[in-house]
Amino acid sequence: MTQKVKVAITVNGTLYERDVEPRLLLSDFIRHDLGLKGTHVGCEHGLCGACTVLIDGHSARSCTLFAVMVDGSEIKTVESLGTIDNMHPLQEAFHEKHALQCGFCTPGFLMTAVEYLEGNPNPTAEQAREAIDGNFCRCTGYENIVEAVQLAAKKMAAH
Amino acid sequence: MTESTISKSFKRNEDPRLLTGNGNYIDDIDFPGMLHVAIKRSDYAHARIKKIDTEEAKKIPGVVAVYTAEDLGDYWRPGPLQVPPPTAIKGSVFHARPLECIAKHKIRFSGEPVAVVVAESRYIAEDALDFIYLDVEPLQYVGELEKTLDPDAPLIHEDLESNLAADVVQEVGSWEKAAAEADVVIKKRIVTNHVAGAALENRGLIAVWDDNFKILNVWATTQGPIPMRNSIARYLGLMENQIRLMNPDIGGGFGPKIMSSQIDDVVVPWIAMKLKKPIKWVEDRRENFLGTTSERDQVHYAEIALKNDGTILGVKDVFYHNTGAYNPYGMTIPLNTQTHVISIYNIPNYYTQIKMVFTNQMVVTPVRGAGRSHGIFVMERLLDFAAKELGMDPVELRRKNILPPEKLPFRTGVIGQDFVENVLDSGNYPLALEKTVDAIEYEKFKKEIQPKLRAEGKNKGIGVIMFTEGTAVGPYEGAKVMVGVTGKVNIVCAYSNQGQGHYTTLAQIAANQLGVDIKDISVVIGDTGQWQWGVGAFASRGITLVGTAVHQASVKVREKALELASKLLNTPKDELEVADGVVRVADVPEHFISLGELAMRANPTRGTVEEGMEPGLEAASYYGPPHGATGYGCLGLILDIDPETAKVKIERLVITDDCGTNINPMIVDGQIHGGLQMGIGEAFYENLVYDDYGQLVTASFMDYLFPQATDMPEKFEIKHLVTPSPLNPLGIKGIGEAGAICVPACFMQALEDAFEGMDLDITQSFMGPSKLFHYVQKAKGA
């Protein structure tokens, strides 16, 4: 068995100090060690974007990073956004625009979009489309996701 | 009566859960002490197994067990077939070779399972895979469809005389006669693309054996919970009610998740019973590419016979269909191809022959579109070639041959995947064409816009094609609707949901009868502990079959509520109404009884009951149509191509579709969007490629191009026609596959139009960027 390494990682505001194998993927750390199952794994090679989380404010693919690489960082997952009874405006926009079907890729889109909207509060459709281009969705054809990102921008501006 | 809940775009009940990370997908389920399975898959495409050495793998700390086919003993057996042979078609030949859960004597495709490792973690299980050694005698790979039947082709199943898996001929009228009478006969070799389902979530299965109660709990991503449960029961010798198979949330299906009798559902439950531990297997993306099923690969030799005025006299289509190494899913796909060549056209003489062949490739089973897109592709390409030959406008040629509404219902004389005659049940085909042609401004584009663009040296082309979508096939589905003592309603069925929105649409159907807020209606889908009967999610049949069963059951429950309320309120039934969660006297709304109270009363605890009384405010119902309902539509595309880079921009996409009554128009449009995305992928991005040794060289998203947001048009312009199907009380037809069916044919027509005068002569349904570039260069003579 390989030597375990101590890490201290803050996830959604809570500091977790754990001993992990150096080869443990960040996605597995989040999902299986911390039990935050909202982050999904679709391809395990950094292409599909379902596992996107924010690391120190920037979106990144958690399936191509080891947990030890983000020691000391602050991570945000979909669980940091809203709750069933009190959704984040971005989640509300996805709901209203029918921007999800099976829902598997959705957390990745949300984490990509939430970062994007912080720096781009009023995107055109073309810009919103460009922003989500790195995330794969098999169900929606993306059109409603583009509209949801734009709607979210309006909702967030009104907040 | 309260307002109808049908044909309204309710926001989905399931969304808040899925949006907030509260979904529960297969890999989200964990149990204490759970062990993890990883599968050793063959790197050889065709080989005889001499020895599989697992000793070193077993020694790795954390490895609990390693099993090969030999270790399964008598438990190892192939099959059963998931779809029966097409005995309904006279003279059909079908050589059943169902799946082997683990290869025992012979490996028949690269990616076929040869051993499983059980370990304390998935990481350790995967480590151990590298310490399993295969000693094999490699055999020659068989992959090229048209060479599989050569006398010297190596045999994939050595007990057969050849690699022929099935041979089915169907004929309506006489092709010979049509060809003899024709002014023009055109013959083409047409190839359809090989694509993956590529759901964002891979497959998975968890089995937990309760040794005290002798119950096996299974969670599986299957699209067919009941068939999978029955398959497991038969393998393990258990009664059906000893197995509770449940669908968690499923991250997309698109066809390949329908399969059972694979390694996961055969071997994982066996391990769970043997080791008495919870066992989890979750597929990774590479395995999904290599070992899960895929579809489309066909080679057609197609002919069309016409009069000089464009009237179709007949079509002949003889095609090879790749079934991969086994044929567990019967003839579903190629039979769909046979019925869909006819599409919406008047074809008096039609000869069609399937030659299903075994190859050393992954097994072929339905992927969204499932044989339909190939039939449409062949027919539409033939029409385009005919239009060129006859000097006719492609739209004009279609107009000439469309079946008019007064011909419907039209019996095609061809037996389909449901083993009954394909019937075009309802619709207005010419109207769909005209609506699309008008919306995309076909005439204006051809006559005014395109000549100018051509003069400027621009390559912009238009395409318009028609399609059918055979949906909602039998045999049947069922559901139970129950009003609970809280007055809330629960629907149970053993269908399967992969994102289609059933938690909302089925609730809408029940709410329409029971006057309950749709948010107060919960839906259980795919739990065999709660509902015992059903077939599965395929052929865009959910909302039509399960929806109709829910409707019928809801009508019964409503009737039961009225009967009981009539007694309790001392009021005749016809003076009562069901609304707002109560049954009340229509003229005296304050005189009411709540549905919850009625549910309590519907389970009397003392006294006697009338003969034939059925307790509970609940009812079950089954629905099986006489034949499938056929949706249809028309697609128009304008493509703008840069000939130097072969970059294609979809400038406009207009689709007119008729799927009968839309239960939820928002969800219907969503289904069309997703289908179109897959169709665009099939035409221009996605392509499974095997090399000369049977290695899949596109087994990752690095190589298999997944269509992304910027690959789509700015807007999917959707026009609707609504012709309720006469087959079911709500008039529903399916919609799940429309978009995936229609794109490739239209794409190729528009590409050829963009390069008019170059004669691109496209006879394949995949024209990826580099391929298109070479076609254009070749046509230029460069």
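With 782 residues, chain B would have a radius of gyration near 28 Å if it were a compact globule, and its value of 28 Å agrees with that. The radius is taken over C-alpha atoms, and the globule rule is 2.2 Å times the number of residues to the power 0.38. This is a predicted model, in which local features need pLDDT of at least 70, side-chain atom pairs count only at pLDDT 80 or more, and totals for chains, interfaces and linings use all residues. Residues are numbered from 1 along each chain as its sequence is written, while chains are lettered from A and ligands numbered from 1 in the order in which they are written.

Let's stay with chain B for a while. Its C-alpha trace spans about 90 × 75 × 50 Å along the principal axes. Buried residues make up 57% of the 782 residues in the chain; a residue is buried if 20 or more other C-beta atoms lie within 10 Å of its own, exposed if 12 or fewer, and partly exposed in between, with C-beta atoms placed from the backbone. Among the contacts in chain B with a separation of 6 or more, 81% come from residues 24 or more positions apart. Two residues are in contact here if their C-beta atoms, placed from the backbone, lie within 7 Å.

Chain B has 19 helices and 31 strands. These are DSSP runs numbered from the N terminus, with helices (H or I) of at least four residues and strands (E) of at least two. Of the 19 residues of H10(B), 15 are buried, so the helix is largely enclosed by the rest of the structure. Just after H10(B) comes B:Gly391, with a positive phi of about 70°.

Now for a strand. E16(B), residues 298-306, has seven of its nine residues buried, so this strand too is largely enclosed by the rest of the structure. Strands pair if DSSP finds at least two bridges between them. Nine bridges join E9(B), residues 184-192, to E16(B), and the two run antiparallel; here B:Arg189 stands opposite B:Tyr301. E16(B) is also joined by nine bridges to E17(B), residues 312-324, again antiparallel, and B:His300 stands opposite B:Phe319 of E17(B). The hairpin of E16(B) and E17(B) has five residues between the strands, and B:Gly310 in this hairpin takes a positive phi near 100°.

Next, look at where the chains meet. The contact takes 44 residues from chain B and 46 residues from chain A. On the side of chain B, helices H1 (15-19) and H17 (665-684) are the elements that give two or more residues, and H17(B) gives the most, with six. The residues on this side divide into 19 nonpolar, 15 polar and ten charged. Ala, Val, Leu, Ile, Met, Phe, Trp, Tyr, Cys and Pro count as nonpolar, Asp, Glu, Lys and Arg as charged, and the others, Gly among them, as polar.

Finally, chain A is divided into domain 1 (5-80) and domain 2 (89-158), with bounds from an automatic or database domain assignment. Their centres, taken over C-alpha atoms, are separated by 22 Å. Domain 1 of chain A brings 14 residues to the contact and domain 2 of chain A brings eleven.
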